[in-house]
Amino acid sequence: MMTQTITVEESRELDDKTINKIGIPSMVLMERAGLKIYENMLDNKDLDLSNVLILAGTGNNGGDGLVVARLLATHGYKVSILTIGNPDHASDDHKSQQHICDYYQIPKAFMNANFDKYTTLVDALFGSGLSRNVGGDFATIIDKANASAAKVHAIDIPSGLNGDTGEVMGTAIKATSTSTIAYPKIGMLKEQAKPYTGKIYVDDIGIYRGNTFENE
């Protein structure tokens, strides 16, 4: 069976439709995504989860990463969070998830952290909608992650990879594995993307492309 793929624009439209037309709250989708990603990481024997660092952007991809952080922490795993980007500009769902992580007192890491001391990094920097080359602190963190001894598990798409073309936008995470949400983005399955995506998990969180039950 051929794998169904979607473009970045289709991904955006499906998210919007699921939340605003069908009526499944975005936080519910984020919780589902985080649980699936957590389960993928437990399933992946290539990952050592004894000391995990979440690399979180301030958007909803970062929010998914914060759900993973909480699930790891509440199940007895050692986990820390490094947030990159301006927290004042964080999405509402990201802020809600950060509040929950603060309640559970999940430790924070900083830009100067030694990534080699972690066994697994979780790439929750950007979702599939990246439209320009990566720069600044984000590029620094991606290059630092790639240079470290830790394995990397990416959320939705390895940060820095173009979701439509599979091309590297300046620099990109080289992931051991990737949990992609709903459907693989078309660029992820292109030949040039393979060294970056690693093993791909496709996570059903309740976002569908259209089916016989649809009522337009």
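T120 lies in strand β3 (strands, E, at least two residues, and helices, H or I, at least four, are DSSP runs numbered from the N terminus). The model is predicted: local features need pLDDT of at least 70, side-chain atom pairs count only at pLDDT 80 or more, and totals for chains, interfaces and linings use all residues. Residues are numbered from 1 along each chain as its sequence is written, and side-chain values use heavy atoms, with hydrogens and water left out.

T120 has a relative accessible area of 0% and is therefore buried (buried means under 20%, exposed over 50%, partly exposed in between; 1.4 Å probe, protein chains only). A polar atom of the T120 side chain lies 2.8 Å from the backbone oxygen of D48. Neighbours within four places in sequence aside, the contacts of T120 include L47, D48, L49, A150 and K151 (contact means heavy atoms within 4.5 Å).

Strand β3, residues 120-124, also holds D123. UniProt, in an unreviewed entry, places the feature "binding site" at N61, D123 and S159 (positions follow the numbering used here, feature names are shortened, and annotations may be inferred rather than shown by experiment). These residues spread over 99 residues of sequence, yet they cluster in space, with a largest C-alpha distance of 10.0 Å.

D123 is buried, at 0% relative accessibility. Residues up to four places away in sequence not counted, D123 touches N61 and S159, among others. S159 lies in the loop between β4 (151-155) and β5 (177-181). S159 is likewise buried, at 0% relative accessibility. With the sequence neighbours up to four places away again left out, residues touched by S159 include D123, L125, F126 and I142. The side chain of S159 reaches the backbone nitrogen of F126 at 3.0 Å.

Aromatic pairs number 2 (rings of Phe, Tyr and Trp, its six-membered ring, pair if their centres lie within 6.5 Å; planes under 30 degrees apart count as stacked, over 60 as edge-to-face, the rest as tilted). Y103 and Y104 form an edge-to-face pair, 5.1 Å centre to centre with 90° between the planes. Y103 is exposed, at 64%; Y104 is partly exposed, at 43%. The rings of F126 and F138 have centres 4.8 Å apart and planes at 35°, so this pair is tilted. F126 lies in the loop between β3 and α5 (136-147) and F138 in helix α5, so the pair ties together parts 12 residues apart in sequence. F126 is buried, with a relative accessible area of 17%.

Notes: Polar contact = N/O pair within 3.5 Å; in protein donor to acceptor, adjacent residues only side chain to side chain.
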